[in-house]
Amino acid sequence: MTRAAVGRDEERRRAIARQLDREHPAWTVWYGPRTGRYWAMPARGVASPLLEADQPEALEAAMREVETWYGISQEPLNGAAAPTASRPSVRRAVRL
């Protein structure tokens, strides 16, 4: 793969991550060019796992699961994720 092709692929993946970030306001989503993976964590106020996936669809599925488990609302409250239920803190990365 040429450098130009690698650059286009990386930019496409970053664009996908930006789109996911816009579509899920309760989350911060990014693409890691060194890892080649998509990452997500709640924007604020919830201690939940740092999510990691190789495909955006897998990341979205994991985000939905965490939203259900931790009661994260998709609507941010004053720019922050609003937890609706208290759950235990999990401090580990979840690799999909």
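Trainee: Which residues are exposed on the other side of helix 2?

Mentor: Glu57, Glu65 and Thr68 are exposed there. Exposed means over 50% relative accessible area, buried under 20%, and partly exposed in between, with a 1.4 Å probe and protein chains only. The model is predicted: local features need pLDDT of at least 70, side-chain atom pairs count only at pLDDT 80 or more, and totals for chains, interfaces and linings use all residues. Residues are numbered from 1 along each chain as its sequence is written, and side-chain values use heavy atoms, with hydrogens and water left out.

Trainee: How many helices and strands are there in the protein, and in what order do the elements run?

Mentor: The protein has 2 helices and 4 strands, arranged α-β-β-β-α-β from the N terminus on. These elements are DSSP runs numbered from the N terminus: helices are H or I with at least four residues, and strands are E with at least two. Of the 96 residues in the protein, 34% are buried.

Trainee: How do you know that the length of helix 2 agrees with its number of residues?

Mentor: The expected span of a helix is 1.5 Å times one less than its number of residues. Helix 2 covers residues 56-70, and its 15 residues should therefore span 21 Å; the end C-alpha atoms are 21 Å apart, which agrees. After helix 2 comes Gly71, whose phi is positive, near 70 degrees.

Trainee: Which residues of helix 2 are buried, and why are they placed on the same side?

Mentor: The buried residues are Pro56, Leu59, Ala62, Met63, Val66, Glu67 and Tyr70. They cover an arc of only 145 degrees around the axis, which puts them on the same side of helix 2. The arc is that of the directions from the helix axis to the C-beta atoms. An α-helix has 3.6 residues a turn, so residues three or four places apart point the same way.

Trainee: Why is Ala62 called buried, and what covers the buried residues of helix 2?

Mentor: Ala62 has 8% relative accessibility and therefore counts as buried. The cover of the buried residues of helix 2 includes helix 1 (3-23), strand 1 (27-32), strand 2 (37-42) and strand 3 (50-53), where contact means heavy atoms within 4.5 Å. Ala62 and Ala40 are 22 residues apart in sequence, with 9.3 Å from C-alpha to C-alpha.

Trainee: What makes one face of helix 1 the buried one?

Mentor: In helix 1, Ala5, Arg13, Ala17 and Leu20 are buried. Down the helix axis these residues fall within an arc of 115 degrees, so they line one face of helix 1. On the other side, Arg3, Arg8 and Arg22 are exposed. Strand 1, strand 2 and helix 2 are among what covers the buried residues of helix 1.

Trainee: Is Ile16 buried, partly exposed or exposed, and which value decides this?

Mentor: Ile16, in helix 1, has a relative accessible area of 21% and is therefore partly exposed. Ile16 touches Tyr38 and Pro56, leaving aside residues up to four places away in sequence.

Trainee: How many aromatic pairs does the rule give, and what makes the pair of Trp30 and Trp39 stacked?

Mentor: The count comes to 2 aromatic pairs. Rings of Phe, Tyr and Trp (its six-membered ring) pair if their centres lie within 6.5 Å; planes under 30 degrees apart count as stacked, over 60 as edge-to-face and the rest as tilted. Trp30 and Trp39 lie 6.4 Å centre to centre with 5 degrees between the planes, and the pair is stacked. Trp30 is partly exposed at 31% relative accessible area, whereas Trp39, at 14%, counts as buried.

Trainee: Why is the pair of Tyr31 and Tyr38 called tilted?

Mentor: The ring centres of Tyr31 and Tyr38 are 5.3 Å apart and the planes stand at 55 degrees, so the pair is tilted. Tyr31 is buried at 12% relative accessible area, and Tyr38 counts as buried at 2%.

Trainee: What makes up the largest nonpolar core?

Mentor: A nonpolar core is a set of buried Ala, Val, Leu, Ile, Met, Phe, Trp, Tyr and Cys residues joined through side-chain atoms within 4.5 Å. The largest one has 17 residues, and those with the most contacts inside it are Trp27, Val29, Ala40, Leu51, Leu59, Met63 and Ile72. Helix 1, strand 1, strand 2, strand 3 and helix 2 each give two or more residues to this core, and the largest share, 5 residues, comes from helix 2.
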